[in-house]
Amino acid sequence: MYGYCGRVIRINLTDGSIKKEVLDLEKAKKYIGARGLGVKTFIDEVDPKVDPFSEENKFIIAGGPLTGAPVPTSGRYMVVTKSPLTGTIAISNSGGKWGAEFKFAGYDMMILEGKAKKPIYINIVDDVVEIMDAVEVWGKVVSETTDYLKGIHGDKSKVLCIGPGGEKLSLMSAVMNDVDRAAGRGGVGAVLGSKNVKAIVVRGTNKVALADEEKTKKVSSDKTGILMKDPVAGSGLPTYGSAVLVNIINENGILPVRNFQKSYSDEADKVSGETLTEKYLVKKNPCYRCPIACGRWVKLDDGTECGGPEYETLWSFGPDCDVYDLNAVDVANMLCNEYGLDTISVGATIAAAMELYQRGYIKDEEIEADGVSLNWGDAEAMVAWTKKIGLREGFGDNMADGSYRLCESYGVPEYSMTVKKQELPAYDPRAVQGHGITYAVNNRGGCHIKGYMISPEILGYPEKLDRFADEGKAAYAKVFHDLTAVIDSLGLCIFTTFGLGLPDYVDMYNAVVGEEHDNESLLRAGDRIWTLEKLFNLKAGLTKADDTLPKRLLEEPIAEGPSKGNVHHLKVLLPEYYSVRGWDENGLPTDETLRNLGLEEYIGYIEK
Amino acid sequence: MVIDLKVEVRLFATFREGREKKYFLDMPEGSRVIDLLDMLKIPAEEVSILLLNGRDGDAMRILDESDVVAVFPPVGGG
């Protein structure tokens, strides 16, 4: 067996039993691994209607066949569970080094079931898997937890953990690994918290077995060469990180400001990648086997060194709150890493609270005891709220479950810039039509990364599309969604698409696993994975009405700036998207589509 | 008679190396976007994204009064 390890850990946290199971290789190959394998396993074992915080919800971590293999960006793992934030399938992945180490220990997947009676952590050293008492680390922030556990299990161990955010069941809490990498979205940290699992420590000393070592070496060298020659992967991202997007998104007039009330700021450069590089960057902070190295390591004004912000984070704590103090944004990012919180959702929730305050829904007396303002542009307040959200302190407790629940509590959910109750990222879709359809149909709710249409519509990769046009966008988005499902399931980073295309992923899979796939079959596996996620959501009770955008983005034209006057054309694009997917007018996959994708077993799964 | 047009050029990422972030330039009427690039010694082939007043622009377009030209090398992220 190559690429895959062939073993799965299953832990029942309720009774403390630990089992090692043989990987169903046929299933793994059909769904590739990581995201696909995790979703397939999850839907087979868990009722989609399950309460995310109940014992019946499971928490799956899976690597892909390329995770840990000697190919570029192979450090990624995927978390699959039911999201307490969205009620959809949660598919949340992370880089760093933990994912590769998990494979080196000899496992493809871990399934956590039930709920521990008291705080525990799991320690894995190759074949040895044990449940440990976590009383000493419960309550600690992420860096302290990591240091403490490395102190016990050795510096070579890799630590995945939750922070106070996950312990306190914040619906915006992340699963953190290697201190500053996050499986950030969907509130997956809270699922671990609900199960009383603080951390998973892993040490592995094996290698991923390769079908053809020489071929893998050559393929890896070729693909790394392509990435290094690509101006974005080989130059732009290493120099500036993803933060380089601040200016280009702003110049296009699609940088959301004040909770999407505006879409351009003449102060954006103060929180840009160029300014971050000039004033705060200490060094690059790469993930396992990554030649791109977009990760940042920064020095705060007080001298503290820590992981630096991504583009989305610079936006959420910056322009979305009308804040242009880069050190404050860096601090909020650091706090989210320490408390184990999703930076997109936390920043966007503070922005939503600021709008509720602006409009008089949140009254002064409600925040008086906190002594922190909700005024636009108050950088100090933005940092203070981040901390209060992490600790569920004062009014921060009202904000800790995200902007949808906050706005709904005032009777105005329309001020929550969310899809399926998850905060939208840093691009105004009113003037990027294809990206808007990605937002609306994304199986995990508001998210940019599972089909990054900004790439063709703004950045010109792999070709430049007219961002205002509707024609062809639904079909284009579908291919991006399927390809992303492939990359996520292989265990690679989506940033490899700045240089690599589908045939390159086929080459890497085939070299590592053995000749199995061609372009068509690999992309079809992506389609299969996306469709299976959709089936989960439909069974969980979501409908066509959930495949939408906030009212503001559909009805209020962009007020000013280069994209002035535009709204999103969901009414045109949604039916087209369903159609190119082979789904009916209500977004239900037809029997024929299920058959074509090898999903015959799900015919009749959804009542029509 | 040559009439000067006032235009703004914004430079980003590596185009800022050895240059200012922003220029306000007086250009003779009839000048094209590419003339601005030449003046700033930015090779047209290194330009990945050229925005004219926030919309995809063409280097051969003749400049208008108060045009804002934003020039980017290849950049990406997400």
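Helix α3 (residues 98–104) of chain A holds both W98(A) and F102(A), which are four residues apart, about one turn of the helix. The model described here is predicted. In a search of the whole structure, 17 aromatic pairs are found over all chains. One of them is formed by W98(A) and F102(A), whose rings are stacked, with 5.2 Å centre to centre and 10° between the planes.

W98(A) counts as buried because its relative accessibility is 0%, where buried means under 20% relative accessible area. F102(A) also has 0% relative accessibility and therefore counts as buried.

A further aromatic pair is that of F260(A) and W315(A), which is edge-to-face. This pair links distant parts of the chain, 55 residues apart. F260(A) belongs to the loop between α9 (245–251) and α10 (273–279) of chain A, whereas W315(A) belongs to helix α11 (residues 311–317) of chain A. Both F260(A) and W315(A) are buried.

The geometry of the two pairs is set out below.

| Pair | Arrangement | Centre to centre | Between the planes |
|---|---|---|---|
| W98(A) and F102(A) | stacked | 5.2 Å | 10° |
| F260(A) and W315(A) | edge-to-face | 6.1 Å | 80° |

W98(A) and F102(A) also take part in a cluster, in which ring pairs link them with Y77(A) and Y107(A).

A contact of another kind involves a lysine and a tyrosine ring: K539(A) lies over the face of Y605(A), at 4.6 Å from the ring centre.

How values were computed
Residues numbered from 1 in each chain as written. Chains lettered and ligands numbered in written order. Predicted model: local features only at pLDDT ≥ 70, side-chain atom pairs only at ≥ 80, totals over all residues. Heavy atoms only, no water. Phe/Tyr/Trp six-rings, centres within 6.5 Å; stacked < 30°, edge-to-face > 60°. Helix = DSSP H or I, 4+ residues; strand = E, 2+ residues; numbered from the N terminus. Buried < 20%, exposed > 50% of the residue type's maximum accessible area, 1.4 Å probe, protein only. Lys NZ or Arg CZ within 6 Å of the ring centre and 35° of its normal.
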